[in-house]
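Trainee: I am new to this structure and would be grateful for a guided discussion. May we look at it together?

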Amino acid sequence: MVETRPVAEPYRDARQQRDAAMLGMYVFLGSEIMLFGGLFAVAAVMRLLHPAEVVEASKALHVWIGAINTAVLLTSSLFVALAVDCAKRGRRRGTGAWLFSAASLGAVFLAIKVYEYSLEHAEGLLPGLGAPLKISTPVQRAFMDLYLVATGLHALHLLIGILLLLVIAIRAVSGRLLLPERVIVPVAAGLYWHLVDVIWVFLYPVLYLAR
Amino acid sequence: MSGPLSLWPEQASGYGGEIDLFVIAFTVLIVALSAPVFVVIVLFAAKYRRGRPADREHPQDRNVWLEVSWSIIPFFALIGFFVWSTDLFARLYHPPKDALEIDVVARQWMWKFQHPEGQGEINELHVPTGEPVKLVMASQDVIHSLYIPALRLKQDVVPGRYTVLWFNADKPGTYRLACAEFCGTDHSVMGGSFVIQTPAEYARWLQQSTVDCSLAAQGGALFRGRGCSGCHGPASTVKAPPLEGLFGKPVALEGGATIIADEQYIRDSILLPQKQVAAGYPAIMPTFENVLSEEDVLKIVAYIKSLGPGDLTQ
Amino acid sequence: MTALQEWPDQADRHDRGLSETETERQSYLRAGYSLGSWFFTRDHKRIAILYLFAITAFFMIGGAAAALMRLDLLTPAGDLLTNEGYNRAFTIHGVIMVWFFLIPSIPNTFGNFLVPLMIGARDLAFPRLNLLSWYIFVLAGGFTLFVLIAGGVDTGWTFYTPLSSMFSHGNVVLAAVAVFIAGFSSILTGLNFIVTVHKLRCPGMTWDRLPLFVWAIYATSLILVLATPVLSITLVLIAAERLFGLGIFDPKLGGDPLLYQHLFWFYSHPAVYIMVLPALGVVSELVAAAARKPVFGYKFVAGSSIAIAVIGFFVWGHHMFVAGQSMYASAVFSFLSLAVAVPSGIKVYNWAATLYKGHISLDPPFLYGMTFIGLFVVGGLTGLMLAMLAVDVHVHDTYFVVAHFHYIMVGGTVSAFFGALHYWWPKIVGRTYPLVWGRLAAIFIFLGFNLTFFPQFLLGYLGMPRRYHVYAPEFQMLHVLSSAGASLLGLAYLMPLVYLTWSMRYGAPAGDNPWGATGLEWTTPSPPPKHNFDEIPVVDRPPYDYEIEMEGEDG
């Protein structure tokens, strides 16, 4: 017999509660898009004003490391989708396993990113950390600033996502998260993860592939 | 400067008069758009007071034509004023070519004005009537804004670029100028005098002011003293773009674009040489960011402007 | 028959002077007495009260800063405050008033209290998120106050670069962090309202039956969610520039100080619509209730709120006409700024038309409504003056601008806030207040406000820049008038504090619907019980369905 969780105030029924949670997550994601939108606007302005220097600066980044990271994140999104699928069927351990795998891939992304930062630091490309800079033009300096802020902000969001997925994975496996009744929880978290992924999918070409 | 309070500011130029005319006309429009509303509200509040007998039959609660007309008609009136105002505004972006050019450097918390023949003033600006005056302005530090109420003009002075303010003053007298963009602690006291003189008075003032030499000559001294002629002079072994006759001509840049060599271009070439490299030249010019002040750069710009073809001296 | 002189629930008549009526005993106010029942509440009504206390405190602090400024401005010399002290005072005034009073004022008090009641719901969509928003707000506000007062920030609330990023000696980074945190409160509030209005309307409450206040809160919430994040990223960039020397706004490093202005105003212009849209929604309610008549052109008024929210995102460049942006960009922004005035004009004309053939009562809420209309119209039309490019060159960054935005934000929003307070107070606490005092306060506010701010239009056109406390002696007369007006205004704002507090103990019990108004909130007891409705209502009538005469009856 399936235990139905009582519907929270002020909802009339479970469906209304679920709809509200989904809309809430979409609205939140909209605000996140505006947050990164500001950075994309800065990038667009920079590209419009100084096209040649932006291309030069972009070439200095490690395209292949970025490409690997992109593949890592896309795969993690796939894992999250699989986790949601398990959750819909009430398979707690499957849900937990896929979420854990996705979170691990997220951690792999972060590790690769840290390695990439260390490379750039050694090459004298990273501003602001006290190292001697081998940046030649002011525009390259501004570009690397933007790169640092944008990827740093993205990494912060990714870290939050990793923690979120881990917590949900643990709760799913331990049974504290009722599945499939509370499938909305992994669905909403999944939406967040997918957005972090999509933001990277736009950041990568804007930063690494400007030609 | 101080005296009894008048409720309308002094007007020292024809342009200022046009602004005042616009303001008065526009005020008439907005009063016409709003006063009836206030009157109507008060009238209705009285006439239809609760408990007071009145004809309240068949009140409407919607009328699309009414809505559309009281939206569209005022909007068209506004558009008329928009066109008028934009035209006045556009004039500010087209300074006449033969204007008397005065350089301005703003810094926390003072104004320095440099006349072309080298006369300098601090917090006071003397200008003649009868000819257009163009101020080329630079900031040493933060954003300032030169505001001359009697001309109805202001322009922000932004670090990293030159901004321009031009006018034709026609009423001699002493007026106020002020900084109108918050710039730190002493923003409130970063003001001064704006003195409009007849041409004769202005000429006399110029003669009486201590002068080292003209701005261009001072710029030339800097050009040689700071080593610019080492690369850009005729005897140089380094491949550097020639500067004779450069000002105002198009320059081909690395990367394919072409730009006109104006004051901003020359300034950026000195302070941010990597920003726009001339095509075919190595990008090896060092920056003079920490060596030259904005004032110095303005003088060098004046010098380069004065160079005709083949003028570069040792 | 004026409202509040006869109330429907005659049985409570002899309860006058009692400390607690039966209705109050069963209301949300008495559902739990402990501190915990307030500070851990999920009840939107209690959260609204928590916000009311918080914003009142911030209003007083911001007002104290203003008082200091107006005192200093009595004389042309800067003899009360030092130059830096004055700069800090107007920074405190701006930061506190904008982010910790005006933005949350109507949405987080009246929006929180009323939106669920108006749509027939038991609470907002995410009650715990609502409480979290309050905590974030209060913590951020406390932190901001500490930063502004202890270390001092002297950049103005606008934080223009490179002054803020490279030259200021104050706690700019901490201030940026504090405001950044406050932004979360805004975003979560907006999110909550959007989901609530979409998903929790009671049966029959279609979009075209929503009260106009709900439409206004909805439009405001769109801006809260979409604009605030841009402020967040701008603050992050300023902090990065100051902490790590990242040079996005630094011209010496190839950056552009104007880029900051674009980013800042992209948020801050829509932010002023966050401040005014809820007020416009309140006034629609006040006018309808005062006239006992449907608002004229309901669809146009509802749509105009959305139109203002949308167009408001495209006018930010009108803050930068003399900043060094391109002439063509300025022309486009000027044109769009004229366009955004059209929906506001629609509202005002429609309110006037609502009064036509109505049954108008000059109770305090309506007087505040009229105060709003008079002052908002002056503010809005002077905004059109500012949108005209050639005029703005003269009056930008002068007292003309200061007067314009105070007419809208104080003459407008604060008047509407007080109107809402006087209108819904009986619902919130279950007691009525002496109408004569309410009317007096409204009149004093109107007079005090005009005396304070009208001279500032003249000062601005005469050429007095803003953010100055040293000025030419010939301006002194106008400043003295303005400071005198400010004193009257301050006293007028304090008056309601006295008689409204008095009413909580000594006012006559209000009954469900003391004003005889439409709206689901008036079908509940005053004050409402914690769960709002015993049974979720079903709506089958249009909004503002006052009885309209078809024959010639009077009164």
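Trainee: Which residue is the bridge partner of Val104(B) in strand 2 of chain B?

Mentor: This is a predicted model, in which local features need pLDDT of at least 70, side-chain atom pairs count only at pLDDT 80 or more, and totals for chains, interfaces and linings use all residues. Residues are numbered from 1 along each chain as its sequence is written, while chains are lettered from A and ligands numbered from 1 in the order in which they are written. Strand 1 (residues 100–107) and strand 2 (residues 110–114) of chain B pair in the antiparallel sense over five bridges; two strands pair if DSSP finds at least two bridges between them. In strand 2 of chain B, the partner of Val104(B) is Phe113(B).

Trainee: What is the strand order of the open sheet of five strands in chain B?

Mentor: Strands (E, at least two residues) and helices (H or I, at least four) are DSSP runs, numbered from the N terminus. The edge strands of this sheet are strand 3 (120–122) and strand 8 (163–167) of chain B, each pairing on one side only. The pairing in the sheet is mixed, and the order in chain B is 3-2-1-5-8.

Trainee: Which helix of chain B packs on the sheet?

Mentor: The element in question touches strand 1, strand 2 and strand 5 (133–139) of chain B, where contact requires C-beta atoms, placed from the backbone, within 7 Å. Its direction makes about 160 degrees with that of strand 1 of chain B; axes are lines fitted to C-alpha atoms, for helices over the stretch in contact, and angles run from 0 to 180 degrees between N-to-C directions. The helix is helix 7 (residues 294–306) of chain B.

Trainee: How far apart do the C-alpha centres of domain 1 and domain 2 of chain B lie?

Mentor: Chain B is divided into domain 1 (14–91), domain 2 (100–208) and domain 3 (215–306), with bounds from an automatic or database domain assignment. The contact between domain 1 and domain 2 of chain B takes four residues from domain 1 and six residues from domain 2. The centres of these two domains lie apart by 40 Å.

Trainee: What is the radius of gyration of chain B?

Mentor: The C-alpha atoms of chain B fill a box of roughly 100 × 50 × 35 Å along the principal axes. The radius is taken over C-alpha atoms, and the globule rule is 2.2 Å times the number of residues to the power 0.38. For a compact globule of 314 residues the radius would be near 20 Å, but chain B has 27 Å.

Trainee: What percentage of the residues of chain A count as buried?

Mentor: Chain A has six helices and zero strands, and its C-alpha trace spans about 70 × 30 × 30 Å along its principal axes. A residue is buried if 20 or more other C-beta atoms, placed from the backbone, lie within 10 Å of its own. Of the 211 residues of chain A, the share that counts as buried is 41%.

Trainee: Which helix of chain C supplies the largest share of the side of chain C that touches chain A?

Mentor: The contact takes 33 residues from chain C and 28 residues from chain A. Helix 7 (172–199), helix 8 (212–244) and helix 9 (257–291) of chain C each supply at least two residues of the side of chain C that touches chain A. The largest share, eleven residues, comes from helix 8 of chain C.

Methods:
Two residues are in contact if their C-beta atoms, placed from the backbone, lie within 7 Å. A residue is buried if 20 or more other C-beta atoms lie within 10 Å of its own, exposed if 12 or fewer, and partly exposed in between; C-beta atoms are placed from the backbone.
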